[in-house]
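Please look over the sequence and the structure before reading on.

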Amino acid sequence: MCGIMGYVGSEPAVDIVLAGLKRLEYRGYDSAGLGIVDDGRLAICKTPGRVKALADDVAKCWAPELRQRALAGIGHTRWATHGAPTRENAHPHLDAKGRLCLVHNGIIENFQALRARLEQEGHSFLSQTDTEVLAHLIGEFYEGDLLRAVCAALKHVEGAFGIAVLAAGKPDEIVVARRGSPIVLGLCETGALVASDAAAIMSLTRNLVYLEDHDVAVVHPGGIDVRSVDNVPVSRPVTVADWDTTAAEKGGYAHFMLKEIFEQPEALTNTLRGRLDPREGTAVLGGLDMTPREINEISRLVLLACGTSLHACQVAAYAFEELADLPVCVEQAAEFRYRNPIVRSTDLVVAVSQSGETADTLAAVREAQRKGARVASICNVVGSSIARESGRGVYLHAGPEIGVASTKAFTCQVLALSMMALKFGRCRRLTREQGLACCQAYEALPGVVRQVLEQHEAVRAIAGEIARANHVFYIGRGTLHPAAMEGALKLKEISYIHAEGYQAAELKHGPIALLQPDVPVVALANDPRSLDKTLGNMQECRARQAPVYAVVAAGETAANAVATRVLEVPRQPPLLASIPAAIVVQLLAYYAALARGCEIDQPRNLAKSVTVE
Ligand code: M6R
C-alpha cells in the first residue's frame, strides 16, 4: 500500500514524478506529496486527496521556472496507517533541520520508542506518522553523506519499509532502502528512476533492478549503486519487464474493474498457455521444479493466502482432495505465523497472492521456511517478493490487475491451483483418461466465462435490486461456499453494502434470524450435485420473505418455482462451478456499486496491495 516514485536526471522531475504517482494511485490514494531539490534547497508540496489535487497544488504553489529547474524529486501517494489522511501526515517528511526529506511505505514498529527518545533530545514533530520519526532519525546521523546516514539510522529501526530520501544540496542523488516493502529501480535515457511498483516507471524503462531486503542504494542520473545495509557493494540482476504498458490502461472501459472482469477469457487463456499436456492428460508446471517422486511424497498441502486469494485456495482444496488424494489445510496467512503451526518436512506449503507483496502472506512464507517446509507460490506479479522468496511456483500471467477489487486474479488462481491439483493427481492416483477430462474442462473455461459475460445485462438488472439493500447474504455449498464468500467480499468492498457469505445449510444455525423482505439472498446453486439441498435452503429464505436470486446450471428449471429471479450459467464439473459463479458475483458487485455512485477502482479505506501486517 502507498506508492513511491522518484526521478533524478536531466529532465524536470516534477512532471515525471507526478505521472508515476498517477500510475501508482491504485496502491493508496488518501493523500499525496512531492519533494524536490531546487538550487540546493528542498521544496515540499503535500495535499490531502488524490494525485490530481497534488498536481493542482503544485501548479498553484510552485512557479513554472521552479518546476522546470528541479531535476530531482521524490513523491508519495498514501494509504494512512499512522494518523489521519491530512496534509501534515502526508509524505515527504522533513528531518528536524529541514536538510533531508523522506517518503516511506510500510510500518516502523518501534516508532513510539524512537519518537519518545528523540523528543527527550529536543525534537518536535509536526505529524502523527512513524515516517517523520524515521526522517528525524536519519537527520541525526546526517553529516553530508546521505547513504551513510540512512544505513546508520536503519540499524535502529524495527518493522517494514521501502524508503526514498532526498537531501538539500544533493541534486543528483536519491538514496533508497528496502526491508519488507518493494523498491524497484531503473535507468532511462535521461536519468534514473525509483518506484515501489514497476507499473510506475515502465513507460520510461523496461530494464528493472529489484532491491532485496536489507539493500540500500544510491541512485544517480547515470547509475545505480546497490549496497548492503553495512555499506558493502552487492550486485542485483537487471530484469527485463515483458508486459505491455497498455495492459495497465483502461482501454475504453469505464473502470479498471470492469475491464479486468471482461478480460478474464484472455487472462485464463494466458494462465493455461503451454501448460496442458493433452497426450498424457496432465499439467506441465516447470516452475514448481518437483519430480513425480517428490510430489508423491507430499503428505499434506498447506495453502496460505488472504482475501480473495484465500477464497481461491478454499475452492481449490476440493480439487486437491478429489484429484490428488491429498489432505489440504487452507490457512489465513495472518494467523499462520502467530499460532506456532505444525509443519512437517513432507508438507508442501503453497502461498497464493496476486500481488506477491501481501505482508501477512510473505510473513507466513518465511515462517514456513523457518520450520523447514518446502514452499512454492502462485503469484501474478512477476519478480514479486513472495515469488522470489518461495523460489518455485507458478505465475498466473493474468496481466496487471489495477482495480482494488480482485477479479481476474481469482479465476486464474482457481485455474492455476486446479492445474496443480491435476499434476499432483496424475503423479498419485488419477488415470490418463481422468486427467484428459480435466484438461478438456480447463481448456473450455475461457469460452465458459465468455458466455457468462454475455449475460451482463441480466446481472445488471439484479444488481439494480441489490443496490437498494443494506444487507445481502450469499449462500452456496461445496466449492460454491467460498464463491459465496467471494461474492460478499466483492459487494462489501466496492458498494459498501454489508454482505455475508455463508455455507447454505449454515444459514439456519443463526443468520436466518436476519432475513426479511429487504434482505436479499444470492444463492449460488450451479452445482447440480448439491442443487436439491440448496433449493431447500432457498425455500427457507423465501419463507422469511427474503428475495432470492439464484444462479443455476443451464437447463435446471427447479429453481424457477422458488427464486425471485434465476440466472442460468454454463454447466460445469462441480470442481469448476465456482468460475461461472465468480463472474456473476463480480458483475453483481460492479453494477451495484455503479448504481450507488461509488468510487469503484479506488474504494474508501482500501489499497490494492496490503504490505502492512
Ligand atoms: O495480492 P494478494 O492476492 O495477496 O491480496 C490479498 C488480498 O488483499 C486481496 O485479495 C483483497 O482481499 C482484494 N481487495 C479483494 O478484492
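How many Å separate an oxygen atom of the ligand from an N or O atom in the side chain of Ser353? In this predicted model, the distance from the ligand oxygen atom to that side-chain atom of Ser353 is 2.6 Å. The points below set this contact beside the other contacts of the ligand and the domains of the chain.

**Domains**

- The chain falls into domain 1 (3-241), domain 2 (256-450) and domain 3 (456-595).
- Taken over C-alpha atoms, the centres of domain 1 and domain 3 are separated by 46 Å.

- Glu493 places a polar side-chain atom 2.3 Å from an oxygen atom of the ligand, while at Thr308 a polar backbone atom is 3.1 Å from a ligand oxygen atom.
- The ligand taken alone exposes 420 Å², and 91% of that area is buried by the protein.
- Two or more residues of the shell around the ligand come from each of helix H10 (307-324) and helix H17 (480-495).

**Make-up of the shell**

- The ligand is surrounded by 15 residues, of which Ser309, Ser353, Ser355, Thr358 and Glu493 are the closest.
- Sorted by class, the shell around the ligand holds eight polar residues, five nonpolar residues and two charged residues.
- Domain 2 (256-450) and domain 3 (456-595) each contribute at least three residues to the shell around the ligand.

Notes:
Residues are numbered from 1 along each chain as its sequence is written. This is a predicted model: local features need pLDDT of at least 70, side-chain atom pairs count only at pLDDT 80 or more; totals for chains, interfaces and linings use all residues. Side-chain values use heavy atoms; hydrogens and water are left out. Domain bounds come from an automatic or database domain assignment. A residue is near a molecule or strand if one of its heavy atoms lies within 4 Å of it. A polar contact is a pair of N or O atoms within 3.5 Å; within protein, one must be able to donate a hydrogen and the other to accept it, and residues adjacent in sequence count only if both atoms are side-chain atoms. Accessible areas come from the Shrake-Rupley method with a 1.4 Å probe; for residues, only the protein chains shown count as cover. Helices (H or I, at least four residues) and strands (E, at least two) are DSSP runs, numbered from the N terminus. Ala, Val, Leu, Ile, Met, Phe, Trp, Tyr, Cys and Pro count as nonpolar, Asp, Glu, Lys and Arg as charged, and the others, Gly among them, as polar.
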